[in-house]
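Trainee: I have a model open and would like to talk through its fold and its chain contacts. Where should we begin?
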Protein chains: 4
Amino acid sequence: MCTAIAYKNGDTYFGRNLDLDRGYGESVVITPRRYSFPMRYMEPLTTHYAMVGMATVVNNFPLYYDATNEEGLSMAGLSFPGNAVYYDYDGQKDNIAPFELIPWVLGRCACVDDVRQMLRRLNLVKVNFSEDLPLSPLHWMISDRQGSIVLESLADGLKVYENPFEVLTNNPPFDYHRIHMSNYMSFHTGASDRRLGQKIPLDHYSLGMGALGLPGDFSSVSRFVKAFFVKENLATGESERERVCQFFHALNSVAMPRGCVQTSDGLEYTRYSSCCNVDRGVYYYTTYHDLGISSVCLHDVDLEGERPIRYAVTGLA
Amino acid sequence: MCTAIAYKNGDTYFGRNLDLDRGYGESVVITPRRYSFPMRYMEPLTTHYAMVGMATVVNNFPLYYDATNEEGLSMAGLSFPGNAVYYDYDGQKDNIAPFELIPWVLGRCACVDDVRQMLRRLNLVKVNFSEDLPLSPLHWMISDRQGSIVLESLADGLKVYENPFEVLTNNPPFDYHRIHMSNYMSFHTGASDRRLGQKIPLDHYSLGMGALGLPGDFSSVSRFVKAFFVKENLATGESERERVCQFFHALNSVAMPRGCVQTSDGLEYTRYSSCCNVDRGVYYYTTYHDLGISSVCLHDVDLEGERPIRYAVTGLA
Amino acid sequence: MCTAIAYKNGDTYFGRNLDLDRGYGESVVITPRRYSFPMRYMEPLTTHYAMVGMATVVNNFPLYYDATNEEGLSMAGLSFPGNAVYYDYDGQKDNIAPFELIPWVLGRCACVDDVRQMLRRLNLVKVNFSEDLPLSPLHWMISDRQGSIVLESLADGLKVYENPFEVLTNNPPFDYHRIHMSNYMSFHTGASDRRLGQKIPLDHYSLGMGALGLPGDFSSVSRFVKAFFVKENLATGESERERVCQFFHALNSVAMPRGCVQTSDGLEYTRYSSCCNVDRGVYYYTTYHDLGISSVCLHDVDLEGERPIRYAVTGLA
Amino acid sequence: MCTAIAYKNGDTYFGRNLDLDRGYGESVVITPRRYSFPMRYMEPLTTHYAMVGMATVVNNFPLYYDATNEEGLSMAGLSFPGNAVYYDYDGQKDNIAPFELIPWVLGRCACVDDVRQMLRRLNLVKVNFSEDLPLSPLHWMISDRQGSIVLESLADGLKVYENPFEVLTNNPPFDYHRIHMSNYMSFHTGASDRRLGQKIPLDHYSLGMGALGLPGDFSSVSRFVKAFFVKENLATGESERERVCQFFHALNSVAMPRGCVQTSDGLEYTRYSSCCNVDRGVYYYTTYHDLGISSVCLHDVDLEGERPIRYAVTGLA
C-alpha cells in the first residue's frame, strides 16, 4: 500500500510513501539520457529524458517505484491488487510491460498532455520481469506542474482519469475514491459551526473540531481522505526547506508505523517517503530508520551518460 | 494541544508532541542537582534529583514542558483549557504554582508511588509566573517504569487517575477519554472479521481494515485514540535506534502539520517531538523544520552543578 | 436499554421506548389520587396527584416504567447498569426504594422546581421489591413544560443535572453524553457546506449530507445523539394527530428491531413506545406487534378513586 | 430518496419506503390481467400478469412506484438523480419509457431469469409521460423468491447487477454501494470483541457495541448500510403478523421523520412504507400519519378484469 501526493507551493513537489512488508534493495537512481532501456515488445529506448527516482536495479535495469524526469513530469506506481488487469499482446497497440511503464512514459513525455496522447496506444501486457519478480498489480499517478491523472488497467480496459485531488493510494479503483471524497466536502481546520441545538451550551472542547470524522486508520480509502485534507490545508512555506518539511509532514500523517498493519506474513510499514522538487530536479527522501531528510539532485550528474547511477540509501533496515 | 506517550520496549521511553501556534524560545535543559529552584510559597529546592527536558528558561528558571529525572521518573504538562482550575493559598497544603510543579515532583520523587504520596498535600495555586507569562491551564501525565498516572486540578478538586493507556492529550477530563476508549476495544491491525452477510462476497480491498473507524483528525479525543492504538501495536525494535524511531513514528502519526489546525489567530503545529530513554537519561527530539533525531544525555554533564545547562534547538522556526 | 424524549410542539409531549429482551406484563395504569402507595421507610402516600403511565402491577402496586401526573410532570426510569449505586438507610434523609421513586416524585410534585427541592433530602435505598423482583439499576429523566433534569445515584452520591437536550438513554453517566454531544454541534438537515477542495467538483450525491456521521447503531451513546438530532429537527405538526405521529417517528428512528441487539441470553427490542400529551393527560402508545397508536386519557376516569385502573395492552408478545 | 428491501422469512416479502417532499395522489392499485397498458413505442400489453402495488393513476394509467405480480415477481423504482441516463429511440431494441418499465417487466416476466433475458433488448427512452409529469431519474430493484437484481441506465449504457444484499437506496450507482459495504463486514449484534489493550479494563457500557459505527443519517449510502444490517439480523417471526411487523420495523429504522431532511424547497419524509407478501399477494402498507398496518389482497378481486382498481390510502397528508 502507498500514498502519492502532488503539491504546488512555490515550486511543484511530487512524492510518496512506499508501504511494504519487506525490502527489495531500493536505492535512488538517476538514469541519464543515453542509457538504453531494453523493451520486451518495443524498440529499446536508446535516448530519452533523464530521470531520478527510487528504484530496485536488477540486471542493470532500474525498476522505478516513482520518478521525475528532467522536464518535471513525475510518476508513481502504487499497489492495486485484485483490480489491476493486464492483457495479452495486441498487435494494434504499444505493448508495454508494467515494469517498463515508468521509463516508457517519463522517457518520452514532457507533460501530462503528452502522456494522454501516448496512452491511447497503450496495452499493458502481462509479462513478468523474471521468474523471481512476478508481475505487480499497480495503478499510477502521473503529474506535471498543471495537474495529475490516474492510469488504471481494469477488467473493462485501460482508464485514464483526471485527478483533481492529486492524491493516490490503492484500492478500490479511483472512481470510488472520487465519489467517496464528497463525504468530506464540509471538513475544515477551524472550530465547528453551531447548527444543532443552538440554545444548548455545547463546547468547543478542542481545536480542530471542524475536521471531526476525518479517518485515521491505515486503509487505502482512509489514507486518501486524510492525505488530501492535510495537503489541501498545508500552510505554504517561504523557503525550500520549509516547503519540503511541509511535504514530509503531510506524508508522515498517513505513514504506517511498523506493527500497525499486518500482512499475511509480516508487517507493512512506510519504508521510505520521497518528495521531489520537480522544478529543480532534487529528489528528497527519508527512510524508516533515518528520519532526517537526504537528497540527490538530477543536475549534479552528466545527463548525457549511458549508465544508471545509484545512490545508497540508509535506514531501510 | 499536545500528545504524551509512555512506552516500554526493552527500555522505557517517555515523550510527547508539543503543539502550539507560536514559540517561546524552547531549548533542551539539564538542571543539575544543586541548582536552587526558588518557590513562591515553599522553601527553595536547594538539592534535588537532576532532570533533563524541554523548557523555556526565564530569569534562569527552567519552565519545563516535559522532563525526566535521573531516577527515570518523567512528567509532561499538557494544555487543559476550560477544565483546569487553580486555587487560592491553603495553609494546610503544599502550595505550588503550576509552573513549579514539574521541578517540585521530579526534584523530590523517584517513582510514581512517591508522587502519589506527595500529591495528597498538593494545592495548585493560581499565581502567574509573571505579568508576561500568565497561568497556563494544564494537566499532567507522570510515569515511571511501572506505569502512569494523570493529575487534574478540576472545579471539584485535585484528581489523580491511574492511566493504564499511558497516553495523554487534552480536553475533556481524563475520565471522558477513559470511557471513550471502550468504543475501540475491538480494533486491530489485521483483516476485518467476517460477521455480516456471510454468504455475500464482501472484499478485503485493503490491508488494515480491522482498524476502520480509527479517528484521524487533530482533536484531543481523536489523538488520544490513535496514539494509543499505534503505541499499543508498535513492533518492538532490537536496537536503541529502532526503538527510538518507533517512538517518533508513533508521535508523527498524531502530529499536526502546519495549516491543519487553526487557532483564534494562528496555526497550531507540532513544534517539537521528544522521546526520552528514561533508563539511560537520553533525551531525543525532532523539531518541525529539522526532522532528523538529535539527542542530549543527562549523564554527559556534571550532575552536581548549580546552573541549568541549555542546549540550543534548531528547526523551531 | 431505552430512550426517553421530552418535546414541545404546541402542547408538551413526553415519552420513551422501552427496550427489553422479555416482558413483565406491562399495562397502562391510571393511579387515582386516593390509592394509598405503601412505602418501605416513609409514611404511605395516602393522597397524591393522579398519574398515568406504563407499569407492571404486582400485589396491586403499580411499578411504573414512565408516567405523567395530572399537573403535567413526567418521569421515566431507564436502565443504568454498572453505574447506579443505591445506599444504606440514612436517618437524616428521605429513604426511598428505587421502585417507589416515580410515585414519590409524581405523587407530590407539580413541577421540576418542586422536584429539585425534594431531591435534596433523597436517599435511594438498596432494597428489593421482592425476592422475585431484584433491584433494577436505573437513572431517571424528569420533565415539565419548562425543561428536564436527570437524576443519577452514583458511587460518589446523588447527582441532579440540568438536561437541556431533554433526551435520555442509558450508560455512561449523563456527564459523558453532555460532553459527547459537542461533537455533533455542526450537524444539520441540509446539504453539506463546501469547504474542502473548493475548486474540485465534489458532488452532493444525496439529500441530507449535512448529517453524515450521525450514528445509527443501537448503543446508548448513539441513540442519545440520533434521538436528539431527530427531535430537534422535527417539523411541527398542526393537529394533535400530526404531533403525536411526529413523536412516534422520532422514537421509531432509535427503536430496536428484534434481532439487532443481543443480550446474554436473548434479543433486546423495543417492546413499547409511549408519547404522553402532558397538557391533556393523554397517554398514547404503540407496541412491537401493534404499530397503530392506542391511547388512554387520565381525565376519563374518576381521579378521586382508590384503586389503580389497568388497561390491557396488545401486541406485547 | 427511498429504501427497498427484499426479505425471506418463511414467505418472501418485498417492500420499500417512499421518501418524497410532496404527494402525487398515491393509492394502492390492482391492475388485472386484461387492462390494456398503452405503450409509446411498442404494441400495447393487452394481456399480462396481474399486479398490485402503490401507484399514481393518471388518465387511467397506473404509474407504479413499486408492485408485485401474481407470480411473485416484484419491482420498485427509486430516485437516481444525476446518474440515470435515458436514451434516444433505437430501432434495434425494445424501446420503453421509464414510466412503462414496471408494467413491461411485471406484466411479462414470472421470475428474475425472465427479466434478465428481456433486459438484453431494453432501451430506456427519454420521453415524458406528459408535460406535467417530466421524466424521473430512476434505478430499479427487481426480486423474486430466489434473489434480486438492480437495473441502472448509466451514461455508459444499461447495467444489470446481481444484488446479494437485496437492498437498494439511491445514489451513487450500485457499484459504489457494493464496495462500500465491505467496510461493515465485521459488524454484528453482540458485544465488542476484546482486541486492543487487552490488559486494560475497557467496559462494555452498552449492549450492541458490536455495531458501533453503523451510520444513522438519512443519506442514501448510510440508509443502504443500516437497512442491510437490520434486515440481515432480523429475528424470524412465527406468524404472518410477526413477520410483517419485523419488515416494517426494518423500514422504520431507515425512515425519514419529517423535518430531518431538507430539499431545495421542502422537507423530505417517508410518505408510505410497504411490505408485500409476494407468495400470498397481500400488499401491506403504513403511511406517515397512519402508523397502523393496512392491507390489500391481489386475490380478492377478479384478476380477469379490464380496469385498474384503486384503494384509497389514508394518512398521506
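Mentor: Let us begin with a definition: a residue is buried if 20 or more other C-beta atoms lie within 10 Å of its own. Please keep in mind that this is a predicted model.

Trainee: What share of the residues in chain A is buried, then?

Mentor: Of the 317 residues in chain A, 56% are buried.

Trainee: And which radius of gyration does chain A have?

Mentor: Chain A has 20 Å, which agrees with the value near 20 Å for a compact globule with 317 residues. Its C-alpha atoms fill a box of roughly 75 × 45 × 40 Å along the principal axes.

Trainee: How many helices and strands are there in chain A?

Mentor: Chain A has five helices and 16 strands.

Trainee: Changing topic: by what turn can chain B be laid on chain A?

Mentor: A turn of 180° with a shift of 0.0 Å along the axis does it, at an RMSD of 0.0 Å. That is the relation of a two-fold axis.

Trainee: How many residues does each of these chains bring to the contact?

Mentor: Chain B brings 53 residues and chain A brings 53 residues. On the side of chain B that touches chain A, H5(B) gives the most, with eight residues. That side divides into 25 nonpolar, 22 polar and six charged residues.

Trainee: Last one: is H4(D) mostly covered or exposed?

Mentor: H4(D) is mostly covered, with 14 of its 14 residues buried. At 1.5 Å a residue, helix H4 of chain D should span 20 Å, and its end C-alpha atoms are 20 Å apart, which agrees.

Technical notes: Residues are numbered from 1 along each chain as its sequence is written. Chains are lettered from A and ligands numbered from 1 in the order in which they are written. This is a predicted model: local features need pLDDT of at least 70, side-chain atom pairs count only at pLDDT 80 or more; totals for chains, interfaces and linings use all residues. Copies are superposed by least squares on the C-alpha atoms of residues with pLDDT of at least 70 in both. Helices (H or I, at least four residues) and strands (E, at least two) are DSSP runs, numbered from the N terminus. The expected span of a helix is 1.5 Å times one less than its number of residues. A residue is buried if 20 or more other C-beta atoms lie within 10 Å of its own, exposed if 12 or fewer, and partly exposed in between; C-beta atoms are placed from the backbone. Two residues are in contact if their C-beta atoms, placed from the backbone, lie within 7 Å. Ala, Val, Leu, Ile, Met, Phe, Trp, Tyr, Cys and Pro count as nonpolar, Asp, Glu, Lys and Arg as charged, and the others, Gly among them, as polar. The radius of gyration is taken over C-alpha atoms; the globule rule is 2.2 Å times the number of residues to the power 0.38.
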